[in-house]
Amino acid sequence: MSVNLTELVKRPGAGKAGKPVRVRANFFEVTNFANGNIHHYDVTLDPPSTPPAVQRKVWKTFEDTDGQGILKGIKTVYDGRKNVFSPKPLPLGEDNAKQFEVELQENSGPKRAGNVFKIRIKKAGEVNMEELRRFLTGQSACTSNCLTAIMVLDVLIRHVPSMLYNTVGRSFFTPADKRPLPNGAEVWQGFYQSARPTVGKMMINIDVSATAFYESGPLPEIVAKILGRRSVDELRRGIPDREISKLEKVLKSLRIQINHRGDKKLKYKVTKLTPSSAERTVFKDENQNELTVANYFAKQYNKRLSFPFLPCVVVKKDIFLPMEVCEVLPGQRYMKKLNERQTAEMIKFTCQKPNVRANKINQGMGLLQYRDNPYMREFGMSVKPEMAVVQARVLPTPKISYHKSSQEAEFAPMGGAWNLRGKKVAQGAVLGSWSVVNFAGNVPLPAIQRFVRELCQTFIDTGLNVVNRQPPITSADPQGNIDRTLKEAWLQAGNAAKATPQLIFCILPNTGVPLYAEIKRITDTVIGVPSQCVQSKHIADAKKQYCANVCLKVNMKLGGMNLFLSPPQIPFISQRPTIILGADVTHPAPGDMNRPSVAAVTASMDARASTYASAIRVQANRTEIIADLANMIKELLKTFYQSCGQKPERILFYRDGVSEGQFKQVMDSEVAAIKAACASLDKAYNPTITFLVVQKRHHARFFPIEMRDADRTGNCMPGTVVDTDIVHPFEFDFYLQSHAGLQGTSRPTHYHVLHDENKFTSDSLQELTYRLCYIYGRATRAVSIVPPAYYADLVATRARFHRRGENWSDTDATSESMDSEAQLASFAVVKPDLQKVMYFM
């Protein structure tokens, strides 16, 4: 074994703990790939602005004519951008470069100059496939040549499907089983595929995926759907201005074709809409006569418009088209954030039982044409048609502890879930000074009083000490001045109890974001008091279970502790002072280039790793590395010291939200930042650091083989861990499905250790990580991702609400008026006292 295989951490041997089970994983073994070198060519197309789909067409045309001689008897694969790989050298003369002209035969209209393309091909190098084999067997590091070799296989498996289906990233989509979504969208089913290096072999990871496309067809009907009308007729009175701008946002740059000129089905991109309808939009014809679009169409094409009340579509610079002569072309991806109704429908469509998903994946194998694929044959590549069978283990369930006065104070939950019957929280907070604000006008006072009584009773049963059971109740207008309302509620709480207010309890009319966002912004950053929101629908019949869940949240916000693991179960944390950190960076919605990214770090505060403090920073849009990590960690280390009077000797850092390509960069920058934070507190302070990445966005899925190894949803048991076969050839990574499935197919979490000074074994890190998943404070079930990372995600999400002047009612309305600098400045800071408690629960 060569010493320097990786700058990350080598796997310290596979884990042994737990009960062995066999599972299927959606990985298909590559049984064979090219032995010799693969020839790599650079391809440039003129004009350079040609879109990828057209580039593929051009290459296909070139290929169909034997590449004007150079591809005779050779099958090459093309990535749709600038790389072509060939199993044999291409005869390009002594310069190893040539230029060709290709003409695309488009079916629409006459030959245009725009249909002639120049292709320049020059040799870029050779890819040594042998080195990839050495990397897979742990004899060589992952060099850039290895990465290119993996890319060869990736391009090879994509080559045929990319000619047949719509391509998005690593997935292919087909309209075969499409379903409509609300507001003019539809969901297409597709398949994801990726060539992955695993232990000793290459594998193909195949998964089902789904994405939203625009519905295709006559534009007026689609416009009615986008605006949520039942038919175009409902728009006869014209479209309100507010909706015109919304519509324009959706239609901008959508591709359409016209149907009023016989065979000349010209295609265009929408540039904008006219502010007035077709019967009111005026332009000058070639003789400089003014006339409306509707009149022009009547005169020129003898076409009386059926929908003259709709605006016109503007294409090119100033061509006006009535909507009814336009059709939306199929296969255009819906790029915007889905709204609530669309998301709900989307989830219904994509949520599949494990066995259904496994069958779909196996069907995908055929659709993606792995069998008798002439290109794969030429490259000597073959793939096993069955999913890999992997040895997994189910780790033993930890015992969790509630207050010692509980029935069964320490117990091991069955099936990853439990309930609070007969349980009291480990440390109940004292609730003395609080008040209730009702923003839901329709709820009568007696109902609120009854709810508060019921809630207090549950609080007491669950182990909170409620000193004041009759908090002042005020009613407030949800459209009014929220800032003033909450400050008054704060004063009332303080006056009633003659003590600093601890909690403002808010009753909300619905789940509308704007009011919630404003309450959180004010209580978190202006007043500095924990707040608890509930929906008015729960007031009328306050269910025990609901009140208990609210209780868990409130107890943590007040600095209590709900549950913990006994010290022997978490030796790494309990034997020596240890801090556990979670970190996440959340980015704004796709296409939003103005709003900043938010970085959040959370840190455990005691030997039980149950209570956490947090820090937030806003940073430049879409930056993945946490810019101010050193200062955030310095703050949190100080808070840890204030909380338990010790300096952590060990640091365990769970980092969420990093993709593979950035491991090295993130590790170098962030491990250095942690060390800098320690050194800045004391030059001699040098705790041992373990840094690992937590990933949920991947396509590995596990399916139980024996029914006895499945839970009632057909998923693997909580605690299923995989660290062989389908993981990295030699780095320290593993998959852990720590949660019990609720719906659909469970997604295991992938953990990848980037840096380790604590000499973890596979067992010790896997067991610690799994056990921590049982003490996520606001649930009575094991969660799917380790709590510090989960908390960091909650904190980062909450921080989005701390912006002054955000328009929450229209999420598309990006604050275009503000540049990125002003954006960063518009975020308010959470009050220091709150940063030390779990206000974000």
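This section describes selected residues, contacts and charge pairs in a predicted model.

Salt bridges are considered at the outset. The structure holds 42 of them. One is formed by the side chains of Arg-357 and Asp-207, with an N to O distance of 3.1 Å. This pair links distant parts of the chain. Arg-357 belongs to helix 8, which covers residues 354-367, and Asp-207 belongs to strand 11, which covers residues 201-214. The two residues are 150 residues apart. Arg-357 has a relative accessibility of 9%, so Arg-357 counts as buried. Asp-207 has a relative accessibility of 0%, and therefore Asp-207 is buried too. The cut-off for a buried residue is under 20%.

A second pair consists of Arg-595 and Glu-806. Their side chains meet in a salt bridge at 2.9 Å, N to O.

Lys-664 forms a salt bridge with Asp-668, and the closest N and O atoms are 2.4 Å apart. Both residues are in helix 17, which runs over residues 663-681. They are 4 residues apart, about one turn of the helix. Lys-664 has a relative accessibility of 31%, so Lys-664 counts as partly exposed. Asp-668 has a relative accessible area of 38% and is therefore partly exposed as well. Salt bridges can also share partners. Such bridges join Asp-592, Arg-595, Arg-803 and Glu-806 into one network.

Positive charge also gathers on the surface. Lys-57, Arg-255, Lys-267 and Lys-269 form a patch of positive charge there. Arg-255, a member of this patch, is placed in strand 13, residues 255-258. The relative accessible area of Arg-255 is 37%, so Arg-255 is partly exposed.

Two alanines illustrate contacts between residues separated in sequence. Ala-25 lies in strand 1, which spans residues 19-25. Ala-25 has a relative accessibility of 0% and therefore counts as buried. The C-alpha atoms of Ala-25 and Phe-702 are separated by 4.7 Å. Along the chain, these two residues are 677 residues apart. Neighbours within four places in sequence are left aside in the contact list of Ala-25. The list then holds Met-387, Ala-388, Val-390, Arg-701, Phe-702 and Ile-726.

Ala-630 is the second case. Ala-630 is found in helix 16, residues 629-644. Its relative accessibility is 25%, so Ala-630 counts as partly exposed. The C-alpha atoms of Ala-630 and Ile-674 are separated by 5.7 Å, and the two residues are 44 residues apart along the chain. Ala-630 touches Ala-673 and Ala-677, with residues up to four places away in sequence not counted.

Backbone geometry is considered last. Most residues other than glycine have a negative phi, and most peptide bonds are trans. Three places in the model are described against this background. A cis peptide bond joins Asp-46 and Pro-47, and its omega is about 0 degrees. Pro-47 is found in the loop between strand 3 (38-46) and helix 1 (52-64).

Ser-253 has a positive phi, near 65 degrees, and is a residue other than glycine. Ser-253 is placed in the loop between helix 5 (241-251) and strand 13. The relative accessibility of Ser-253 is 46%, so Ser-253 counts as partly exposed. Glu-408 has a positive phi too, near 50 degrees. Glu-408 is found in the loop between strand 22 (400-401) and strand 23 (410-411). Glu-408 has a relative accessible area of 56% and is therefore exposed. The cut-off for an exposed residue is over 50%.

Conventions
Residues are numbered from 1 along each chain as its sequence is written. This is a predicted model: local features need pLDDT of at least 70, side-chain atom pairs count only at pLDDT 80 or more; totals for chains, interfaces and linings use all residues. Side-chain values use heavy atoms; hydrogens and water are left out. Buried means under 20% relative accessible area, exposed over 50%, partly exposed in between (1.4 Å probe, protein chains only). Contact means heavy atoms within 4.5 Å. Patches are made of residues with over 30% relative accessible area and no salt bridge: like charges are joined within 9 Å, nonpolar side chains (Val, Leu, Ile, Met, Phe, Trp, Tyr) within 5 Å. Accessible areas come from the Shrake-Rupley method with a 1.4 Å probe; for residues, only the protein chains shown count as cover. A salt bridge is a side-chain nitrogen of Lys or Arg within 4 Å of a carboxyl oxygen of Asp or Glu. Lys and Arg count as positive and Asp and Glu as negative; His and the chain ends are not counted. The place of a charge is taken as NZ of Lys, CZ of Arg, CG of Asp or CD of Glu.
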